[in-house]
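Subject: Handing over a structure

Hello,

Here is the structure I promised to pass on to you. Please have a look at it, and then read on for some notes.

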Amino acid sequence: MLIIFVRAFILYFLVVVVMRMMGKRQIGQMQPFELVITILIAELAATPMENTAIPLINGIIPILTLLGVQVIVSYLSIKSESVSNIICGKPSIIINKGEIVQSELRRLRINMNDLLEQLRLKEYPNLSDVEFAIMETNGNLSIIPKTSKNKVVLEDLKIDKQQEQLPVTIILDGKLLTKNLDSTDHNMDWLNQQLRKNNISKIEDVFFAFFSSTKEFHIQKRQIS
Amino acid sequence: MKVVIITTIILILFFTGALFFSQYVTINNEKLLTTIDKLDKAILVEDWETAKGHLDNIKEDWNKVNTIYEVLLEHYDIDSVNVSLNKIEKYMEVEERNLIIGEVTQLRFIIDLIKKRETFTLSNLL
């Protein structure tokens, strides 16, 4: 039993490292081959975890091999357009200038109901509101609406607004992020002043404190359970 | 780029390691099979002293490779070899010729099977 426990530990950390090295993508944004490799890695990790008769290396080697192949294929996809087209395919224009491209629908084996469902999910219930619809290589549908149906932005209203900055976390779960505090124009004295203003005696009593995009300081005390 | 280089190096290491291990298994198992054949001949003529010597050689050679085999091969085969060796040793003590011959045949088969399984062939690949 101890063997299974330790194997699970080792394989868990291996899978975490491998998934990190594979890069940051959500399941819905993965290319098909990346999703297949993710599922394969899970399967390969499970087998030696539960069967101690199989050497641990029989799980480690295929996992690392898949990682290596996936990284190399991804790298080649970046470097070469033709490799990218073979591995990932090309985006397909399904609606072109308001007209459905029926040949593309047939080629992709998408029926009208599927297309209408996707459009509704993208908050375009009317086909007539869509100028272009593109089926991306990861299966997502991108919509470019007709100009008259575009959402209004500040530029349309000729409103000038200062560019927003990234929010900056200052305290996270009772821990002060000194680097982040240094990146703002404030110091510890100022922070302590803010804590006193909010009736908080020490940093450890703060659950979350941050500067918003508009440089406003927000602070939330830790709840005592 | 760093990740690409690291993973490429890992792939190359695995490939060369696998080639090396395949050779290692072939060479060592051939040696074991040769000694098993000698053991078999000694048992057929009931030369128990010589047979004991050959069995000790087999056990010594097997223990040398066992440390690496345990890490890289499935345990079923390794356990089968260990069981066979123990049985042969016991049967030899009581000089039970017929049973030893059966066990030696099984031992030869398993060692040969391990060797064949680790060889890079189309049938293994498929």
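A polar contact is a pair of N or O atoms within 3.5 Å; within protein, one must be able to donate a hydrogen and the other to accept it, and residues adjacent in sequence count only if both atoms are side-chain atoms. The side chain of Thr7(B) makes one with the backbone oxygen of Val3(B), at 2.8 Å.

Please note that this is a predicted model, where local features need pLDDT of at least 70, side-chain atom pairs count only at pLDDT 80 or more, and totals for chains, interfaces and linings use all residues. Residues are numbered from 1 along each chain as its sequence is written, chains are lettered from A and ligands numbered from 1 in the order in which they are written, and side-chain values use heavy atoms, leaving out hydrogens and water.

Back to Thr7(B): its relative accessible area is 1%, so Thr7(B) is buried (under 20%; exposed is over 50%, partly exposed in between, with a 1.4 Å probe and protein chains only). Leaving aside residues up to four places away in sequence, Thr7(B) touches Met21(A), Leu67(A), Gly68(A) and Val71(A) (contact means heavy atoms within 4.5 Å).

Buried residues of H2(B) include Trp48(B), Trp62(B) and Tyr69(B). The buried residues of this helix pack against H1, H3 and H4 of chain B (helices are DSSP runs of H or I, at least four residues, numbered from the N terminus).

Finally, Phe9(A) is partly exposed, at 47% relative accessible area.

Best wishes

Technical notes
Helix = DSSP H or I, 4+ residues; strand = E, 2+ residues; numbered from the N terminus.
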